Amino acid sequence: MPLSHTDRQLLILGEIGHYEWMCHDSHDDDDMTPSEHYDDLLQQSDAQLIENMGDGYTSPQDYYDSYSSYIPEEYSIN
């Protein structure tokens, strides 16, 4: 079953926040920018986005909430 528009958006933004969290203390010059990462995530299938989320989260909202403080403001859904 495909993701709803909202769940897909939450997974994409959660993944941006997760990536920013991972790069926060160990940034490399060849890391993608948030914009590059966003463009890449838009091309991913629902199955890929769900796989990126991993097993430690109960829902797309839970994943988003876990990393929302790392999401650059221009990608925020507030």
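Leaving aside neighbours within four places in sequence, which residues is His 37 in contact with? They are Glu 15, Ile 16, Tyr 19 and Met 32. Contact here means heavy atoms within 4.5 Å.

This is a predicted model, so local features need pLDDT of at least 70 and side-chain atom pairs count only at pLDDT 80 or more, while totals for chains, interfaces and linings use all residues. Residues are numbered from 1 along each chain as its sequence is written, and side-chain values use heavy atoms, with hydrogens and water left out.

**Confidence**

pLDDT is the predictor's confidence in each residue, on a scale from 0 to 100. The protein's mean is 88, and 94% of its residues reach 70 or more. Helices are DSSP runs (H or I, at least four residues), numbered from the N terminus; strands are E runs of at least two. Among the elements, helix 2 (residues 34–43) has the lowest mean pLDDT, 90. Helix 4 has the highest, 95.

**Core**

In soluble globular proteins, nonpolar side chains tend to be buried together. A nonpolar core is a set of buried Ala, Val, Leu, Ile, Met, Phe, Trp, Tyr and Cys residues joined through side-chain atoms within 4.5 Å. The largest one here has 14 residues. Leu 11, Leu 13 and Ile 16 have the most contacts inside it. Two or more residues come from each of helix 1 (5–24), helix 3 (46–53) and helix 4 (60–67). Helix 1 gives the most, with five residues. Beyond its neighbours within four places in sequence, Leu 11 is in contact with Leu 3, Leu 49, Ile 50, Met 53, Pro 60 and Tyr 63.

**Salt bridge**

A salt bridge is a side-chain nitrogen of Lys or Arg within 4 Å of a carboxyl oxygen of Asp or Glu. The count by this rule is one. Asp 46 pairs with Arg 8, and the closest N and O atoms are 2.7 Å apart. Asp 46 lies in helix 3 and Arg 8 in helix 1, so the pair ties together parts that are 38 residues apart in sequence.

**Accessibility of selected residues**

Buried means under 20% relative accessible area, exposed over 50%, and partly exposed in between (1.4 Å probe, protein chains only).

| Residue | Relative accessible area | Class |
|---|---|---|
| His 37 | 5% | buried |
| His 18 | 17% | buried |
| Tyr 57 | 22% | partly exposed |
| Tyr 70 | 33% | partly exposed |
| Asp 39 | 44% | partly exposed |

His 37 lies in helix 2. Asp 39 is also found in helix 2. The C-alpha atoms of Asp 39 and Ser 26 are separated by 22 Å, at 13 residues apart along the chain.

His 18 belongs to helix 1. Leaving aside neighbours within four places in sequence, His 18 is in contact with Tyr 63 and Tyr 67. His 18 and Tyr 67 are 49 residues apart along the chain, yet their C-alpha atoms are separated by 5.5 Å.

Tyr 57 sits in the loop between helix 3 and helix 4. With neighbours within four places set aside, Tyr 57 is in contact with Asp 62, Tyr 63, Ser 66 and Tyr 67. Tyr 57 and Asp 46 are 16 Å apart, C-alpha to C-alpha, and 11 residues apart in sequence.

**Surface patch**

Tyr 70 is in the segment after helix 4. Together, Trp 21, Met 22 and Tyr 70 make a nonpolar surface patch of about 300 Å². Patches are made of residues with over 30% relative accessible area and no salt bridge; like charges are joined within 9 Å, and nonpolar side chains (Val, Leu, Ile, Met, Phe, Trp, Tyr) within 5 Å. Accessible areas come from the Shrake-Rupley method with a 1.4 Å probe; for residues, only the protein chains shown count as cover.
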